[in-house]
Amino acid sequence: MKTRAAILAGVGEKWIVDEVELGTPGANDVIVEIKAAGLCHSEEHMASGDMVFTQDILDAMGMPEQFPLIGGHEGSGVVVEVGADVRKVKVGDHVSTSFIPSCGICRACVGGRQYLCDQGFDLMTTQAEPKHFWQGKPANTYSNLGTFAEHALVHENSLVKIEDHFPFDIAALVSCGVPTGWGSAVDRAGTQPGDVVAVIGIGGIGINAVQGAKSVGAQVIMAIDPVEFKRQKAMEFGATHTAATVEEAMPLIQELSRGRLCDRVIVTPSVLYGDILAAAMSITGKGSTCVATAVAPYAQAEVPLSLVDLTLWNKELKGSLYGSTNPRAQIPKLLSLYESGQLKLDELITHRYPLDDINSGYDDLREGLILRGVITF
Ligand SMILES: [Zn+2]
Ligand SMILES: [Zn+2]
């Protein structure tokens, strides 16, 4: 079938909204009529080149060409067609997308770590039969989803069924940014009641790390971001203090923690660099935990980290993918918390854009004007 989608043709390009062709769904494939798609920073990493691999890396990993790319991995919609063997959803179901699939049977999934599902790796690295075409040539899809489109052709393992009464724009938010931020603070960092927490970088991920820390009863939540609008928003979402930089936050953290520094530090900048991580570890206290949840340029390999500090202060440094949460458990849970008024989701959406205005949305994102922009169809 033919549909309209936003395509990125290469690094530094603008999004092009054009007709694309979806192939025939395979036995486990589903066609979703997309109703809402979140503008996540991850696609911006493709436009900026941070996440673009050299041909050597693509060849070594067996990865397909990254461009042209049908963007979008935060999304929600209605199932309109299913392949012969699809069992997880049926026509008419409302669904939220998951940017990492969960097969339910691999070692990671059955061990309770769906965010590390083997299929997530396979889908990224396997040269599958192309199912999306633009201008007659195969096109890649972001996270094997491609939600910046009126219709998406996806594997059933990448969909989570949700209850029908949730608004689609809300259901799109809980597919990536919200669980990633919330999980980084709650599941990965293990924030406890009474903790002193710092969140570095208040975008779509960081703001939800603030919400997660608040939900479990952190005593101090220091939101650190150079953009004043984001610091203001952080206070509305549960932060207790703000600072523009880690250096500015340091004396306040020392005072508020009586010299212990932070129990948890969640690092969620738009792009992760080694010096940010080093600064984050400098405000991480004795025996405390620092979690990094951000995309770094592929070539970024060095961190000026005090190793004496790491060992003698018994510090813990953790990476996190998808907030280290299970999409099939977390997405419905977060929607329940929203329903009971314990999670702010409507307030996250700063602007809604039609698909044709996607470039304005990404301009706003780059300029720090939005917490989350959503494309509505
Ligand atoms: Zn995302
Ligand atoms: Zn799995």
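Buried means under 20% relative accessible area, exposed over 50% and partly exposed in between, with a 1.4 Å probe and protein chains only. Helices (H or I, at least four residues) and strands (E, at least two) are DSSP runs numbered from the N terminus. The model is predicted: local features need pLDDT of at least 70, side-chain atom pairs count only at pLDDT 80 or more, and totals for chains, interfaces and linings use all residues. Residues are numbered from 1 along each chain as its sequence is written, chains are lettered from A and ligands numbered from 1 in the order in which they are written, and side-chain values use heavy atoms, with hydrogens and water left out.

**View 1. Burial of helix α6.** Helix α6 spans residues 177-188. Ten of the twelve residues of α6 are buried, and the helix is mostly covered. The buried residues are G177, V178, P179, T180, G181, W182, G183, S184, A185 and V186. After α6 comes G190, with a positive phi near 70°.

**View 2. The zinc site.** Three residues coordinate the zinc ion (ligand 1): C40 through SG, H73 through NE2 and C176 through SG, at 2.0 to 2.2 Å. Donors are N, O and S atoms within 2.8 Å of the metal (3.2 Å for Na, K and Ca); water is not among the atoms, so sites may look incomplete. Along the chain the donors of the zinc ion follow the spacing C-x32-H-x102-C. The two cysteines link distant parts of the chain, 136 residues apart: C40 sits in the loop between β3 (29-39) and α1 (41-48), and C176 in the loop between α5 (168-173) and α6. C40 counts as buried because its relative accessibility is 4%. C176 also has 4% relative accessibility and therefore counts as buried.

**View 3. Helix α6 against helix α7.** Two packed helices are described by the angle between their axes and the distance between the axes. For α6 and α7 (residues 206-215), the axes come within 7 Å and cross at roughly 45°. Axes are lines fitted to C-alpha atoms, for helices over the stretch in contact, and angles run from 0 to 180 degrees between N-to-C directions. Helices α6 and α7 are therefore oblique to each other. Angles under 35 degrees count as roughly parallel, over 145 as roughly antiparallel, 65 to 115 as roughly perpendicular and the rest as oblique. The crossing of α6 past α7 is right-handed; a crossing has that hand if the near helix is turned clockwise from the far one by less than a right angle, and is left-handed if anticlockwise. On α6 the contact is made by G177, V178, G181, W182, A185 and V186, and on α7 by N208, A209, Q211, G212, A213 and S215. Contact means heavy atoms within 4.5 Å. By class, the residues in this contact of α6 with α7 are six nonpolar, six polar and no charged. Ala, Val, Leu, Ile, Met, Phe, Trp, Tyr, Cys and Pro count as nonpolar, Asp, Glu, Lys and Arg as charged, and the others, Gly among them, as polar.

**View 4. Helix α6 against helix α12.** Helix α12 (residues 327-339) packs on α6 at an angle of about 90°, with the axes 11 Å apart. The two helices, α6 and α12, are therefore roughly perpendicular to each other. From α6, V178, P179, W182, G183 and D187 meet Q330, K333, L334 and L337 of α12. The contact of α6 with α12 has five nonpolar, two polar and two charged residues.

**View 5. The loop between β17 and α12.** S324 lies in the loop between β17 (316-319) and α12. The phi of S324 is positive, about 55°, although S324 is not a glycine. S324 is buried, with a relative accessible area of 11%. T325 is placed in the loop between β17 and α12 and is buried, at a relative accessible area of 3%. Neighbours within four places in sequence aside, T325 is in contact with Y115, P179, G183, D187 and Q330.

View 6. Most residues other than glycine have a negative phi, and most peptide bonds are trans. The peptide bond from F67 to P68 is cis, with omega near -5°, and P68 lies in the loop between α2 (55-61) and β4 (69-70). Q135, which is not a glycine, has a positive phi of about 50°. Q135 sits in the loop between β7 (132-134) and β8 (137-138), and at 58% relative accessibility Q135 counts as exposed.
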